[in-house]
Amino acid sequence: MSQDRWETLRLRAGVSVVRTAAGTHLVGLPDHEPVTAQEVVVVRALAAAEQRADALAPSTAPLLARLRREGWLRVTAHGPGGPVHTLDPRQRPDRPEPDGVPPGLRLSRFTSIVAAPDGGLRVTSPRAWAEVLVREPATAAVLAHPATERPAPGVDAAAWQRLRRDLCWAGLAVAGDEDHDFHVRQWSPVDLEFHRRSRGIGVGQRYGATYWGRAYAPPPPARPSAHRPVVALPRPDLERLRRDDPTLTAVLEARRSAREHHDGRPITLDQLGEFLFRCARTVLVGDLDGVELRARPYPSGGGLHELEVYVVADRVAGLAAGTYHYDGHDHALGLVRPPDGASRQLLHAARDSAGAERTPQALLVVTARFGRLMWKYEGLAYALALKNLGVLVQTMYLAATAMGLGGCALGAGAPHAFTHLTGVDPLVEDVVGEFTLGTVAQSPR
């Protein structure tokens, strides 16, 4: 490289230098790379801070070439004006380093460009083995036209070509039809990114129970603010249920989605109360390291139970129509709002989503108080909320079937109507699922 173009090198994020009886290794799960005793000094220097490549001893060239080829190094290209871009690996490369750039290069449809916290543009893709951080504004124009071989006047041509090559090598830019195979075409960019990130795929990504929110705010309480007035719900006899309920196998085999309800026989307040008691009551409350935990009949990640249940009552015998919040601590319903346009919109959206002829007798709107999970978890919090929703919905199905009621989980609803109805910021609490409940129709579909 010329004197005004040079590189700095550093071990990629999440890599450790581990010494065992078998020798010293670079470890970045699931990858590992043995290093000799002579190479350890250089590797530790690369782990501690960025190193200028041309300042390292010539004898390190074979090691650096190997680490670069295997994706262990975070490489930053510098030009006359400073850093141009960084190739930032997340795993071993899944392709050899290209000699040139193929014609017709374009960004992959899976590639996204976001602002980096420390400046510049971060180019990412769930299909790429590395990310690219573009730091120089003039060279960033290549992201709009990767096929352009010659940059505009005043833009360094070598930096332009280097960025094109690194985008291609990383898998962020492609030539040809990347959707030729159906197993690629079937994925949307959003779904694939969500899948990979929520599974912790990506070296250096902060993931898991990091309790990162502790530095910014106290943990959200287990119990949300109460709604008034309150409708007390009857408590079922659990001993009778244990004795008289159908078996688990019988319930599993009989479970069906019931989209229509019996017009002449609405669900009763007693039945609604028993259903909520069996599915979503708070069994006990505890504390761990200053975080309030609670237990319900269904499991929840970390014992945090971020899900809340709202009842939009349309035709419930013994209960005035309106929207209520279920308080699982006191086993009661708190009135959120009497019937209005927003609650009708929720009911109509539920009818349309179920493909039913009438609105449900009762619509259960399940929300997530996101802070309960996101205060503790990074990378998987929203995926965890959806998993918790899944076990709650299955619990609802089994309870409805055991009680002889008709239930149906919905794939869509009217979350904006819920936000209008409650006035809650959707970044704080929002709808993640809906479940209709009522008596079984005379001629169920």
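Predicted model: local features only at pLDDT ≥ 70, side-chain atom pairs only at ≥ 80, totals over all residues.
## Strands and their pairing

Two strands pair if DSSP finds at least two bridges between them. Helices (H or I, at least four residues) and strands (E, at least two) are DSSP runs, numbered from the N terminus. Six bridges join β24 to β25 (residues 429-439), and the two strands run antiparallel.

Residues are numbered from 1 along each chain as its sequence is written, and side-chain values use heavy atoms, with hydrogens and water left out.

## The seven-stranded sheet

An open sheet holds seven strands with antiparallel pairing. Their order is β14-β21-β20-β18-β22-β25-β24. β14 (230-232) and β24 (405-410) stand at the edges. Each has a single partner strand, so one side of each lacks a neighbour in the sheet.

## Aromatic pairs

A pair of aromatic rings is described by the distance of the centres and the angle of the planes. Rings of Phe, Tyr and Trp (its six-membered ring) pair if their centres lie within 6.5 Å; planes under 30 degrees apart count as stacked, over 60 as edge-to-face and the rest as tilted. The count by this rule is eight aromatic pairs.

Phe194 and Tyr382 have ring centres 6.1 Å apart and planes at 65°, so their pair is edge-to-face. The pair links distant parts of the chain, 188 residues apart. Phe194 lies in helix α5 (residues 189-198), and Tyr382 in helix α11 (residues 381-403). Together with Phe370, they form one aromatic cluster.

How accessible are the two rings' residues? Buried means under 20% relative accessible area, exposed over 50%, partly exposed in between (1.4 Å probe, protein chains only). Phe194 is partly exposed at 34%. Tyr382 is partly exposed too, at 36%.

## Charges over rings

A charge sits over a ring if NZ of Lys or CZ of Arg is within 6 Å of the ring centre and within 35 degrees of the ring normal. Arg52 places its charged end over the ring of Trp6, 3.9 Å from the centre. Arg255 lies over the face of Tyr397, at 4.8 Å from the ring centre.

## Asp179

Asp179 is in the loop between β12 (173-174) and α4 (182-185). Asp179 is buried, with a relative accessible area of 12%. Beyond its neighbours within four places in sequence, Asp179 is in contact (heavy atoms within 4.5 Å) with Arg109, Val184 and Arg185.
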